[in-house]
Amino acid sequence: MTTAIELKDVFRVHSTPEGDAAALQGLSLRVADGEVLAVLGPSGSGKSTLLRLLAGLERPSAGLVRVYGDDLGKLPARGLARYRSSLLGYADQHYARALAPELSARDLVAVQLGLRGTPRADRLRRADELLERVGLADKRARRPTQLSGGEQQRVALCAALAHHPKVFLADEPTGELDAATADQVYDVLAELVREHGCTTVIVSHDPESARIADRIVRIRDGRVSEEWSRDGGDSDTIVVGRGGWLRLPEELLLRAGIGAKATARLEAGTVLVSPAGDGPEQVREAVPVAATPAESRLVVEAHGLHKRYGTTSVLDALDIGLSSGRLHAVTGPSGSGKTTLLHLLAGLELPDRGTVTIEGTELTSLDRAGRAGLRRAKIAYVGQQAGLVPHLSALENVELVLALRGRSEGRFAALAALESVGLGERATQRVGRLSQGERARVAIARAIASRPALLLADEPTSRLDGANAISVAILLARLARSTGAAVVCATHDPLVIEQAESQISLS
């Protein structure tokens, strides 16, 4: 079978004043023409860097990246631009960047076809077909600001596929979607890429992406660690790198009780790996539990909340009460109003009717300055986009928010917050050098550092692998109990819902 994509001994090193960091470390991979490949791996493993190299958005520091005969590392800027416009469809995990706010969903999907000279009637027909297949036909006239995060993500996916690309790359294509909508998108994605024989690489931490793939590889520390075909069932092939480098799945190590050290010996033609020293640490008590839990009290009261966008009613006479010391999950399908509810609770938007009261202060009666003052004193918000300052370190990003809130703890509280989300060792790294999952955790650390009365998080685990997602879910639940905050997560992640003590279902 013809090889469409080839990577050989690829390194990608990011150099900054703080030092060098290798995102890829000798990765080698081949993808056949028309093959659908799923690349799995935890946050920070190099998945997004791999995709950016294939998209020609970054160049390898060493090694070969070849797509349909073109060595992307040696193509001039004009050649890379031609490659991206003619052969490539790219769905970035920062989908909002691809959506011009002044265009409708229909025009956004059709714009690439327009640039290629496709007649207007034909490109609008193609846009309508794609939007219908992802369940957005009735919202084709809406602009991005009138769509939920999950709906925007589906529009960006359609826009990347509209021009029938020969190579399609998708970075976490269902990260903001509930399970049912994600299944729908995976089914449509599989149909579209196979209809056109499109060579496809999907990078994700969602194991469900593997169900539409011909082959699955797992990467860790910037190298391929495992590989298996969809028909082969469970992964049983571990890739051996040059010099005997071998990466064993964490699940096997945990089940075998192997921690920081192990022994290996040859016995009857088989290599046996056994634990040496202490076993792995199973639980990290990063956020201390209060010795005497505070008595639960009502932090938020909302009565009769109505919110409409145009002719669409998002919230209709909603009444909720949110207590301290609890993790509350706001659930519902994409477009049900989860993000809108969080915006109303934070005072970022006002309801058409109804009231929101935070610890005795009626938020909806305050002017803009008053709402900002209440947020600064009592509320922390983690949005779907991290909103970090890229040229500052993770530690400086957290310290900045503490300084703006007038908190005196400064560096101590910032370091403690980063430790609590597993980023203590990365605290001094510039945010621009962190993976997307690591950035998401910095945003959570920034929010919890100020110990707010109300913490609002919009899809806080959408870009995290399973291990990090469960640790963040447990962290948020423990934070609520230990500090007495009311923690509210808009989510479709069952790992978060499982940890929540109450659930608000929107439809």
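This is a predicted model: local features need pLDDT of at least 70, side-chain atom pairs count only at pLDDT 80 or more; totals for chains, interfaces and linings use all residues.
Residues are numbered from 1 along each chain as its sequence is written, and side-chain values use heavy atoms, with hydrogens and water left out.

V273 sits in strand β12. Helices (H or I, at least four residues) and strands (E, at least two) are DSSP runs, numbered from the N terminus. Together with L266 and V271, V273 makes a nonpolar surface patch of about 300 Å². Patches are made of residues with over 30% relative accessible area and no salt bridge, joining like charges within 9 Å and nonpolar side chains (Val, Leu, Ile, Met, Phe, Trp, Tyr) within 5 Å. A salt bridge here is a side-chain nitrogen of Lys or Arg within 4 Å of a carboxyl oxygen of Asp or Glu. Accessible areas come from the Shrake-Rupley method with a 1.4 Å probe, and for residues only the protein chains shown count as cover.

Now step back to the whole protein. It has 14 helices and 21 strands, and buried residues make up 50% of its 507 residues. Its accessible surface comes to about 22900 Å², with 49% of that belonging to carbon and sulfur atoms. Among contacts (heavy atoms within 4.5 Å) between residues at least 6 apart in sequence, 67% join residues at least 24 apart.

Next, look inside. A nonpolar core is a set of buried Ala, Val, Leu, Ile, Met, Phe, Trp, Tyr and Cys residues joined through side-chain atoms within 4.5 Å. The largest one has 43 residues, and those touching the most other members are V109, L131, V155, F168, L189, V193 and I216. At least two residues of this core come from each of β3 (36-40), α3 (105-115), α4 (120-133), α5 (149-161), β7 (167-171) and α6 (179-195). Helix α6 gives the most, with eight residues. Another core lies apart from this one; it has 42 residues, including L388, V421, V431 and L475.

Helix α1 (residues 47-54) is also mostly covered, with six of its eight residues buried. These are K47, T49, L50, L51, L53 and L54. After α1 comes G56, whose phi is positive, near 75°.

Other backbone angles deserve a look too. Most residues other than glycine have a negative phi. A268, however, has a positive phi near 55°, and this residue lies in the loop between β11 (261-267) and β12 (270-276). At 80% relative accessibility, A268 counts as exposed. A317 also has a positive phi, of about 55°, although it is not a glycine. A317 is placed in strand β14 (residues 312-323) and, at 42% relative accessibility, counts as partly exposed.

Strand β14 brings us to an open sheet of four strands, in the order β14-β13-β16-β17 with antiparallel pairing. β14 and β17 (361-362) stand at the edges with a single partner strand each, so one side of each is left without a neighbour in the sheet. Two strands pair if DSSP finds at least two bridges between them, and two bridges join β16 (residues 353-358) to the antiparallel β17. There, T357 stands opposite E362 in β17.

Notes:
Buried means under 20% relative accessible area, exposed over 50%, partly exposed in between (1.4 Å probe, protein chains only).
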